[in-house]
2 protein chains.
Amino acid sequence: MSKTYSISELASEFDVTTRSIRFYEDQELLHPARRGQTRIYSSKDRVRLKLTLRGKRLGLSLAEIRELFELWDETRSGSEKQLHLMLSKITERRAALEQQMKDITMVQLELESAEIRCRQALEELHEKHNDEERAKTPSSAP
Amino acid sequence: MSKTYSISELASEFDVTTRSIRFYEDQELLHPARRGQTRIYSSKDRVRLKLTLRGKRLGLSLAEIRELFELWDETRSGSEKQLHLMLSKITERRAALEQQMKDITMVQLELESAEIRCRQALEELHEKHNDEERAKTPSSAP
DNA sequence: AAACAAGTTGACGTTAACGTAAAGATATCA
DNA sequence: TGATATCTTTACGTTAACGTCAACTTGTTT
């Protein structure tokens, strides 16, 4: 069969705690199988975890991420009304992502200009330093 | 003098509560002036609020946003050590933004394919519907 | 003067997303 | 067989980011 993972394997691979992974299951983001009592994660579960963390990095709440998962799952089985609802949810999300892209671009510009300011301030400090050095030893170049 | 704003003006312009704005001040993200007891916001304060909300949309915590503000402010007055620290912080942030860009691109692709699946499912539903209609009235085209 | 609007400071309540500690099951190794 | 490691559930604690009163001041309108 295809590969499976233990909870601590996934935890160390993605650098999260096992507590978090169990919590995500509690919030119905993951549905691992069980052997006896212990959880067995399929590669599909692994993908879900990866998507979950990606969503978190974008500032989505676990509830929002769960909503997206449910949308994806129900894409196969939904009624017409369901499908239209999904489309509008998808459109909504895509608009939010567009906004985020713009935000990122803006912040990138700001950081860039901050970096330039920083480098200029450093240069000025060094020039001052050199001036003082020249004042001490006012010899011409060797 | 340049324009000033009341707390409720800013609140309605950016669609946040006055409670939030006061909380941001408490976290030292804003430093409005006072006339007697009431807060007077300058256009610089307004920009800060806008930047704060932009940061939030990117998933930054208020503490992180404050850090960025402090970096920006100290760019003028920092010592050499400070300036290097700032540069590394800036670099760090820019890397995070790069990662976010990638994440957004991935999620956009996923949403796109979900949308396609959705539309196909809808088409199939409609074809079925048409088939059933044709079964009821099996006349050829008019 | 009375009443209204807009602002203020506490102070406590709430929710999300875990952290942390306790106590027990299960498997493996020496 | 006992020690060790890895898992489990249960449950209470914590932090961030506000919401929600309550009680008060200050200016404005009638």
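1. Thr52(A) is buried, its relative accessible area being 0%, where buried stands for under 20%, exposed for over 50% and partly exposed for what lies in between, with a 1.4 Å probe and protein chains only. Thr52(A) belongs to helix H3 of chain A, residues 43-57, helices being DSSP runs of H or I with at least four residues and strands runs of E with at least two, numbered from the N terminus. Apart from neighbours within four places in sequence, Thr52(A) is in contact with Tyr24(A), Leu29(A), Leu62(A), Ile65(A) and Phe69(A), contact meaning heavy atoms within 4.5 Å.

2. The model is a predicted one, in which local features need pLDDT of at least 70 and side-chain atom pairs count only at pLDDT 80 or more, whereas totals for chains, interfaces and linings use all residues. Residues are numbered from 1 along each chain as its sequence is written, chains are lettered from A and ligands numbered from 1 in the order in which they are written, and side-chain values use heavy atoms, with hydrogens and water left out.

3. Ile65(A), in helix H4 of chain A, residues 62-74, is likewise buried, at a relative accessible area of 3%. Setting aside neighbours within four places in sequence, Ile65(A) is in contact with Leu29(A), Thr52(A), Gly55(A), Lys56(A) and Leu60(A). Ile65(A) and Glu92(A) are 27 residues apart in sequence, and their C-alpha atoms are 14 Å apart in space.

4. How do the helices that carry these two residues pack? The axes of H3(A) and H4(A) come within 10 Å and cross at roughly 135°, the axes being lines fitted to C-alpha atoms, for helices over the stretch in contact, with angles from 0 to 180 degrees between N-to-C directions. H3(A) and H4(A) are therefore oblique to each other, given that angles under 35 degrees count as roughly parallel, over 145 as roughly antiparallel, 65 to 115 as roughly perpendicular and the rest as oblique. The crossing of H3(A) and H4(A) is right-handed, that is, the near helix is turned clockwise from the far one by less than a right angle.

5. On the side of H3(A), Arg48(A), Leu51(A), Thr52(A), Gly55(A) and Lys56(A) meet Leu62(A), Ile65(A), Phe69(A) and Asp73(A) of H4(A). By class, this contact of H3(A) with H4(A) has four nonpolar, two polar and three charged residues, where Ala, Val, Leu, Ile, Met, Phe, Trp, Tyr, Cys and Pro count as nonpolar, Asp, Glu, Lys and Arg as charged, and the others, Gly among them, as polar.

6. Two loop residues of chain B deserve a look at their backbone. Most residues other than glycine have a negative phi. Asp15(B), which is not a glycine, has a positive phi of about 60°; Asp15(B) lies in the loop between helix H1 (7-14) and helix H2 (18-26) of chain B and is exposed, at 70% relative accessibility. Glu28(B), also not a glycine, has a positive phi of about 65°; Glu28(B) sits in the loop between H2 and strand E2 (33-35) of chain B and is partly exposed, with a relative accessible area of 40%.
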